[in-house]
Amino acid sequence: MDEIFFEVESSMQSTVDHFSAEMAKVRTGRASSHLLDGVKVEYYGAPTPLAQIASVSVPDARMILVQPFEKSSLAAIERAIMSADLGLNPNNDGSVIRVPVPLLTEERRKEYVKTCGKIAEDSRISVRNSRRDANDGLKKLEKAKEISEDDRKGGEEEVQKLTNKYIKKIDEILEAKQKEIMEV
């Protein structure tokens, strides 16, 4: 039974971690190196994550600075950022790429808030699926006479407490991100 609790909590935590990482990629009006996390650069014929071929920093609230480890990859990095559909327009000055982060329009902010809500709902569904899997495991243990009906019910209550805890974490992350997006 402890194994089931460990698995379900581990699964729910990884869902929250993934959700948090997804939220970091969503654009706000502020520059963040995480905006470029999903960018893959065609590097020696293979799509390579930007962070593996360049240093990404944020010198101020409206600028992302990308400094490639090899100057020969500048053009490929610039193309990758433009084709990533992030609404960013990189400037290549021959040694670094400056990516200005424009202010978001009210309409765009609302779109991002909606997108965040959809990602959050998918994460909540994933947490609930983990709960279902754990409850199924408890029922199997009861059927195999390894635990009693009372143990199963107690276990289901514990799984529900975990579910509530992780859904609350998702909601808190979502609320913070929505607030950040709507700031002007």
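## Contact between helices α1 and α4

In helix α1, the residues Ile4, Val8, Ser11, Met12, Thr15, Phe19, Glu22 and Met23 make contact with helix α4, where their counterparts are Cys116, Ile119, Ala120, Ser123, Ser126, Val127, Ser130, Arg131, Ala134, Gly137, Leu138 and Leu141. By residue type, this contact of α1 with α4 comprises 12 nonpolar, six polar and two charged residues. The model described here is predicted.

Helix α1 spans residues 2-25 and helix α4 spans residues 106-143; the two pack at an angle of about 175°, and their axes lie 10 Å apart. Because angles over 145 degrees count as roughly antiparallel, α1 and α4 are roughly antiparallel to each other.

## Ala120 in helix α4

One of the α4 residues that meet α1 is Ala120. Its relative accessibility is 0%, and Ala120 therefore counts as buried. Leaving aside residues up to four places away in sequence, Ala120 touches Phe19, Ile170 and Leu174.

Met182 stands 62 residues from Ala120 along the chain, and the C-alpha atoms of these two residues are separated by 17 Å.

Strand β3 (residues 54-60) pairs with strand β4 (residues 63-68) in the antiparallel sense, over five bridges. Together, β3 and β4 form a hairpin with two residues between them. Within this pairing, Ala54 has Pro68 in β4 as its bridge partner.

Strand β4 is also joined to strand β6 (residues 97-100) by four bridges, and these strands run antiparallel. Here Met63 stands opposite Pro100 in β6.

Key. Residues numbered from 1 in each chain as written. Predicted model: local features only at pLDDT ≥ 70, side-chain atom pairs only at ≥ 80, totals over all residues. Heavy atoms only, no water. Axes fitted to C-alpha atoms, helices over the stretch in contact; angles between N-to-C directions. Parallel < 35°, antiparallel > 145°, perpendicular 65-115°, else oblique. Contact = heavy atoms within 4.5 Å. Nonpolar A, V, L, I, M, F, W, Y, C, P; charged D, E, K, R; others polar. Buried < 20%, exposed > 50% of the residue type's maximum accessible area, 1.4 Å probe, protein only. Pairing = 2+ DSSP bridges.
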